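Hi,

Here is the structure I promised to pass on. Have a look at it first, and then read my notes below.

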Amino acid sequence: ESSHVPPGAAAPAGVPGPLRLEEITEALSEADSDIPYDLDVVAGLRGVEERAQDWLERAAEVVPRDGEGGKGGGSSGGGEKHSMEELSDLIDESGSALVDVSEDLDRLRLVQGSTAAWRTQARQSLRAIASAFGDFREERARICSGGAPAAKPPPATETDQPPAIHPAQAAKSAAASSTGHQGNVGPGPMNGETSQPAKAPTEPKGGVDAAESSASTRHVNLRRKPPPNANPPSARADTPAENGGGVLFQLVADFVKSEKSTRISTPEGVLAGELNDVTLWFARAFKALASPSDVYDKKNAGRFDKLIQGGERLAELDRAKSLDIDEDATLVDGLRGAYSRAVDDEVKRLLVLQARRDKFLRWGERADAAMSKDKVPVETLIELNAESGAFPPSSEIVIRVRNKTRDANAWVRSVQGITSGKKFPYETARIRANEGDRLNITCPEYKTLGAAVRATKRWMTKAKKLCSASQSKVDASEVTELMNEHAAFLV
């Protein structure tokens, strides 16, 4: 007759409790040394040992003992997480272990209870986050249309907000429940700590704001250095609070932090990963929209396009992993729909900036090609200068166009009237013509002045030759002709 007592059950009077694994191992060691042949009972006992050892190893992998790591992660919840199904199966299988596994079983049940409590609270938090996405969309639209960020709401009081709970507290509550005490498990912040101001998620390397490189004519460089104190740290336009997402980002940050402290993989935990990806993407989008000069830089074009593509993937719910939460059938679709609509709004804003960037890059290539010619028509410069008003004023190509247009206009004003017959002293005309050559411009004034200077030089050569000839050889008609030509000169 078997005297086995399932773990957790009280042994009847006179019946010994379950054996410990160490006792079985010791008995097998004695049998191996004292019995020359293998008895059926020894073989059966060896099977019990192997099954128990296998169960203990799997239990330690799913929920490591205190101070142990394992693939399942330590108390911080890091590393690979195992599913609730694996945890439940282990608890169900404990009855067939035939050895005392009460300590490990208690640990599994404690984690099972704390995970269930966390999931209940997590669903409430996810509902709050879904609602916050709706508020964020409205606030974001208002800010982008020219409004200022709304005032930060006052912190919740004890009467406004239910008590906080941490997974460790949930575990204690579950343990208390198993001994007949009621735990206080209610909704509230997922980390049980004092709320801190929202922080933007850490920006991954390789974002839109790549390191500044040297300016180049062929590579349209748009690096802009803001004036001192233009964006003090407390008022940066790329922070979540300045973009209407302060409350939302704080809720997500608290939820993600709480999920990292759990040991078991849950559907709610999968949503925490999605939300973290969404807020990281929004942080990059805020930065891009706040720094268009970085986006307009040609070398950042690829990164910005990938940012838009990433947002489009987040907004496409068909690509999201199928996920079901039996306790709340509408939660997953509601949350994903909420963040998808918010991401889609932001993608549309980025597409507007992308269209402006593409327009600028085309303009920059046209301007660069025009200014690389031997002679740039002043009319072309004036046209390019007028179009540059829609682009960042500190970009290298915009500065070049505006400076050259300014110099060209100043030169044209210096020879104003040349095309209508105004006369200029030769030395002044020669200096102006040389200035026009150095500017590499062309216009009616430049052509007229250049032709007049050349004609004057030819006339001066003829006059010098005539005056150096012997008086007996000077023809009066040649002198008269030279004087008539001089009267018609612009120089």
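This is a predicted model: local features need pLDDT of at least 70, side-chain atom pairs count only at pLDDT 80 or more; totals for chains, interfaces and linings use all residues.

Now the overall picture. The protein chain has 15 helices and four strands. It runs to 491 residues, and 38% of them count as buried. If you take contacts between residues at least 6 apart in sequence, 76% of them join residues at least 24 apart.

Next, the inside. The largest nonpolar core has 69 residues, and those with the most contacts inside it are Ile129, Phe133, Leu275, Phe282 and Trp363. Helix H10 (residues 331–371) gives the most to this core, with 16 residues. There is also a second, separate core of 16 residues, which includes Trp55, Leu56, Ala59 and Leu105.

Searching the whole structure turns up twelve aromatic pairs. Take Trp281 and Phe282: their ring centres are 5.3 Å apart and their planes sit at 75 degrees, so this pair is edge-to-face, the label for planes over 60 degrees apart. Both of these residues, Trp281 and Phe282, are buried. Phe282 also pairs with Phe286, this time tilted, with 5.8 Å from centre to centre and 40 degrees between the planes. Phe282 and Phe286 are four residues apart in helix H7 (residues 267–290), so about one helical turn separates them. Phe286 counts as buried because its relative accessibility is 1%, and buried means under 20%. Together with Phe136 and Phe249, the residues Trp281, Phe282 and Phe286 form one aromatic cluster.

Last one: helix H14 (residues 444–467). At 1.5 Å a residue, its 24 residues should span 34 Å, and the end C-alpha atoms are 34 Å apart, so the two values agree. Its buried residues include Tyr446, Leu449, Val453, Trp459 and Leu466. What covers the buried residues of H14? Among the elements that do so are helix H12 (396–414), helix H13 (426–439), strand S4 (441–442) and helix H15 (476–487).

Happy browsing!

Definitions and conventions
Residues are numbered from 1 along each chain as its sequence is written. Side-chain values use heavy atoms; hydrogens and water are left out. Rings of Phe, Tyr and Trp (its six-membered ring) pair if their centres lie within 6.5 Å; planes under 30 degrees apart count as stacked, over 60 as edge-to-face and the rest as tilted. Buried means under 20% relative accessible area, exposed over 50%, partly exposed in between (1.4 Å probe, protein chains only). Helices (H or I, at least four residues) and strands (E, at least two) are DSSP runs, numbered from the N terminus. The expected span of a helix is 1.5 Å times one less than its number of residues. Contact means heavy atoms within 4.5 Å. A nonpolar core is a set of buried Ala, Val, Leu, Ile, Met, Phe, Trp, Tyr and Cys residues joined through side-chain atoms within 4.5 Å.
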